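Subject: Structure handover

Hello,

Here is the structure I said I would pass on. Please open it beside this message and follow along.

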Amino acid sequence: MSYTTANLERSKAFYTAIGTTINPLFTDENVACLVWDENFQFMLLTREFFANFTDKQIADPATTAQVQTALSLDSREDVDTVVQAGLTAGGSEPRPAQDFGFMYSRDLEDPDGNNLAFLYMAPQAAEQGPEAYPAEQAQV
């Protein structure tokens with residue numbers, strides 16, 4: 001997966017502020033490899049460089065929704081911590097948090113407007129579906 005950026009250095013600072021590391025083996029003045037954890041990495045490309053990979057018009061994420069990446073975290077507090085770090089690093093929160101009981105999520109836009117969603121889902125809902133959560137809570 002790749003995101004585009006108008007300012008690679010600004011975006012690298014934003015993404016490291018929310019917890020990614022940069023893999024220097026796949027990073028130069030046009031692209032950065034961002035590592036969330038050992039299972040998830042994604043690329044951040046300047047718009048000009050990204051244009052080398054397609055004949056289509058490059059969308060401006062500030063005005064056009066193209067993709068939303070959702071990352072599951074270990075707790076509601078982790079969701080709030082990451083989103084707060086992103087807000088402090090120049091991101092924005094396009095809509096209020098969503099709390100469905102079994103799932104809590106918050107959206108965060110990077111400085112270019114690329115949308116990330118961070119969520120926590122109760123383990124019993126993740127394993128058995130959302131209907132299991134209210135039943136589980138009633139038994140506690």
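This is a predicted model: local features need pLDDT of at least 70, side-chain atom pairs count only at pLDDT 80 or more; totals for chains, interfaces and linings use all residues.

Four strands make up an open sheet, and their order is S1-S4-S3-S2. The pairing in this sheet is mixed. Strand S1 (2-5) and strand S2 (21-23) are at the edges; each has a single partner strand, so one side of each has no neighbour in the sheet. From one strand to the next, the twist averages 35°.

S2 and S3 are paired in the antiparallel sense, over three bridges. If you want a place to look, Thr21 stands opposite Val35 in S3. Helix H1 packs on this sheet and touches S1, S2, S3 and S4. The direction of H1 makes about 160° with that of S4.

Is Asn23 buried or exposed? Its relative accessible area is 18%, and buried means under 20%, so Asn23 is buried. Not counting residues up to four places away in sequence, Asn23 touches Cys33, Val35 and Gln41.

S5 and S8 run parallel and are joined by five bridges. Within this pair, Ala70 has Ala117 in S8 as its bridge partner.

Thr69 is in strand S5. With a relative accessibility of 7%, Thr69 counts as buried. Which residues is Thr69 in contact with, leaving aside its neighbours within four places in sequence? They are Met1, Tyr3, Phe40, Asn115, Leu116 and Ala117. The C-alpha atoms of Thr69 and Phe49 are separated by 21 Å, and these two residues are 20 residues apart along the chain.

The cores

How many residues does the largest nonpolar core have? It has 19, and those with the most contacts inside it are Tyr15, Ile18, Trp36, Leu44, Leu116 and Phe118. At least two residues of this core come from each of helix H1 (8-17), strand S3 (31-37), strand S4 (40-46), helix H3 (76-88), strand S7 (103-109) and strand S8 (115-121). Another core, of six residues, lies apart from it; Phe102, Ala122, Ala125 and Tyr133 are among them.

Tyr15 is found in helix H1. Tyr15 has 0% relative accessibility and counts as buried. Leaving aside its neighbours within four places in sequence, Tyr15 is in contact with Tyr3, Thr20, Leu34, Phe42, Leu44, Asp110, Asn114 and Leu116. Between the C-alpha atoms of Tyr15 and Ala132 there are 35 Å, with the two residues 117 residues apart along the chain.

With its neighbours within four places in sequence left aside, the contacts of Phe118 include Ile18, Trp36, Leu71, Leu73, Val79 and Val82. Val83, Tyr104, Ser105, Arg106 and Leu108 are also in contact with Phe118.

Regards

Definitions and conventions. Residues are numbered from 1 along each chain as its sequence is written. Side-chain values use heavy atoms; hydrogens and water are left out. A nonpolar core is a set of buried Ala, Val, Leu, Ile, Met, Phe, Trp, Tyr and Cys residues joined through side-chain atoms within 4.5 Å. Buried means under 20% relative accessible area, exposed over 50%, partly exposed in between (1.4 Å probe, protein chains only). Contact means heavy atoms within 4.5 Å. Two strands pair if DSSP finds at least two bridges between them. Axes are lines fitted to C-alpha atoms, for helices over the stretch in contact, and angles run from 0 to 180 degrees between N-to-C directions.
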